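Hello,

Here is the structure you asked to see. Please open it first, then read the notes below alongside it.

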Amino acid sequence: MSKLTSLFSEKQHNLLSVFFTAGFPKLNDTEQIIKNLESNGVDFIEVGLPYSDPLADGPTIQHSSSVALENGMNLDIIFSQLEALKDSVKTPLVLMGYLNQILKYGESKFCQKCKDCGIETVIIPDLPMIEYENHYQQLFTNYGISNVFLITPQTSEERIRKIDKITNAFIYVVASASITGAKGEISEKQMAYFERIQKMNLKSTLIVGFGISNKSTFNTACKYMNGAIIGSAFINFLQEKGVAEIPSFVTEIIE
Amino acid sequence: MSFFVDKNGYYGQFGGAFIPELLYPNIKELEDNYLKILESDSFKKEFKELLDNYVGRPTPLYLAKRLSKKYGAKVYLKREDLNHTGAHKINNTIGQILVAKQLGKKRIIAETGAGQHGVATATVCALMDLECIVFMGEVDIKRQAPNVARMKMLGATVVPAKSGSKTLKDATNEAIRDWIGNPEDTYYLIGSVVGPHPYPDMVARLQSIISKEIKEQLLVQTGNENPDMIIACVGGGSNAAGAFYHYLDTKNVQLIAVEAAGLGVHSGQSAATSQLGDVGVLHGSKTILMQDKYGQVIEPYSISAGLDYPGIGPLHAFLHERERAVFMNATDQEALDAAYELTKIEGIIPALESAHALAVLPKMKFTTGQVVVVNLSGRGDKDLETYITHLKDE
Ligand SMILES: Cc1ncc(COP(=O)(O)O)c(C=O)c1O
């Protein structure tokens, strides 16, 4: 059983995940960020692999990615940072990156490195389901890696059911038709969408992301789903307050 | 072997639709409908009428006598520069705006590099009374100022792309991000044979009017519809795809694709993708792109904003891999020289992009009587400032 699966078997409500871009604000902040998030009660952590052309990301994550790349971050460095944390960090880590990074690195090599670092879950926003089924599913399975799929307000019921069937991680419920970025409150329309998904009785754990930014949006999302992911708001926080203040960010949300 | 797209949206290993789930419904809608629309009688009729009476097609195929004499071949120029708005780009925008209308879309978004596609999009939006938003790199906004003014006059909103290299690739990223945020009412009118399937195939089909006319015109002018060689510049590759299209299966017609070498292929300031790139995913398509060891996209450079792109369309990646087309390149200086030459001896000021195609003529060894078609993709009005600045240094 993967770390994420055992987490989900123990906890089904108010799951909090936090996303950060590896290499931001500083190249070697990875360890401190992960340990701070873990010790303050974050349930699982998404590690973003900075990319030059992050199509699904808004200005905040774009900016953190450029800074990380300027800091010299690359996949080899990330993997060596994560490997060093393998034994001390118990919180499930999820890697989020774009397909071209993995293609260029070598798909098998990437999977082997994930395995070496104890990474069992990946999110690749520009890897569509059909390409996954035709070219990646077998490979990922061989290395014990689960792929997370996204659904949006526009995803058809039929497609959601299919995703529910082939996924063995969680379903990433994109909160609205938009790129990543901190937004204000959750609208009536979004709640209706969450309710529609909730009523589908899917087998997968449902985690909301894109636009979840504070206690209030987190709580609203958790009324309908198993948990939520905070990304851009955390990156903005790191930019303003710095790594040392992370405990206050997390407690503010889960208090 | 077929050089046309297969039923899964691939050209060999290239192509596909590598898009976030957020765009799946949009792409699916287009994929399910584009052939039906393109092949319908009503589309064909309206497309032809607009091309004939609004764009000014067919464009002439002109035997450039002094150029021919100089290079020792029969050099024909396919005069896409004479199209309304000054480049081949409008063939595509006329076609896609009809597709967008058929799909009931109300808001049109586009990316642009040189501004030619932006102008061509703003033009068809004015014609069809549709809202138009054009994303353009901040750097390109500065170097193509006349086209920015034209787009605004045509009623379009020009949004500066401030991320990355602030050129065409980033304008494309911004357009895709906008589409993610507006999945229902918005149509993304892409400007070249790039992007996720079905765009590369759709744009190639719409531009294929170029080679259709070349065939008819050559038959009349020379008695043979096949030239020995066709030369076209490649940014994303739409004018080249159009000029090659009806010759792809005719093996004895040599296809020459010319990329921008900037300050020199290996100078670190270049956009010669086929020489510097390798397989990867860019803007939703598996193709050849310029990237570093970790798959980060390398920012290209060319004096020509329309060729300043780190990838090529998947069709061209395939033509390159299978050696169906020969990929050559021209530096900034070679392109400038070719532009000054054409202006002086034929009285035609070409676009900087098209000047790259002309710039390989001196590198060829022709035999007398060889028939060569150069696709003159656009006119040089937008590049006058660059031409004037560099003329002083000549
Ligand atoms: C005149 C002209 N030619 C060529 C190009 C390059 O595009 P493509 O390679 O798609 O033909 C452009 C792009 O802006 C252009 O304006």
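Chain B is divided into domain 1, residues 12-50 + 89-203, and domain 2, residues 56-87 + 208-393. Please keep in mind that this is a predicted model. The C-alpha centres of these two domains of chain B lie 22 Å apart.

**Between the domains of chain B**

In chain B, 38 residues of domain 1 are in contact with 40 residues of domain 2. The size of an interface is often given as the accessible area lost when the parts come together. For domain 1 and domain 2 of chain B, the buried area is about 3100 Å², with 59% of it on carbon and sulfur atoms.

How many salt bridges are there between domain 1 and domain 2 of chain B? The count is 1. A salt bridge joins B:Arg143 and B:Asp308, whose closest N and O atoms are 2.6 Å apart. The rule also finds 15 residue pairs in polar contact across this domain interface of chain B, both residues being at pLDDT 80 or more.

On the side of domain 1 of chain B that touches domain 2, the elements giving two or more residues include β2 (14-15), α4 (89-102), α5 (116-128) and α8 (168-181). The largest share of that side, 5 residues, comes from α8(B). By class, the residues on that side of domain 1 of chain B are 15 nonpolar, 18 polar and 5 charged.

**Between chain B and chain A**

Here 31 residues of chain B are in contact with 35 residues of chain A. Chain B and chain A bury about 2900 Å² between them, and carbon and sulfur atoms give 55% of that area. Within chain B, the residues that lose the most area to chain A are B:Glu21, B:Arg177 and B:Tyr294, together 26% of what that side buries.

The rule finds 3 salt bridges across the interface of chain B and chain A. A:Asp53 forms a salt bridge with B:Lys169, with the closest N and O atoms 2.9 Å apart. There are also 17 residue pairs in polar contact across the interface of chain B and chain A, both residues at pLDDT 80 or more.

Which elements give two or more residues to the side of chain B that touches chain A? They are α1 (24-38), α8, β11 (278-282) and β12 (285-289) of chain B. With 7 residues, α8(B) gives the most to that side. The side of chain B that touches chain A has 15 nonpolar, 7 polar and 9 charged residues.

Regards

Technical notes: Residues numbered from 1 in each chain as written. Chains lettered and ligands numbered in written order. Predicted model: local features only at pLDDT ≥ 70, side-chain atom pairs only at ≥ 80, totals over all residues. Heavy atoms only, no water. Domains from an automatic or database assignment. Contact = heavy atoms within 4.5 Å. Buried area = accessible area lost by both parts, 1.4 Å probe. Salt bridge = Lys/Arg side-chain N within 4 Å of Asp/Glu carboxyl O. Polar contact = N/O pair within 3.5 Å; in protein donor to acceptor, adjacent residues only side chain to side chain. Helix = DSSP H or I, 4+ residues; strand = E, 2+ residues; numbered from the N terminus. Nonpolar A, V, L, I, M, F, W, Y, C, P; charged D, E, K, R; others polar.
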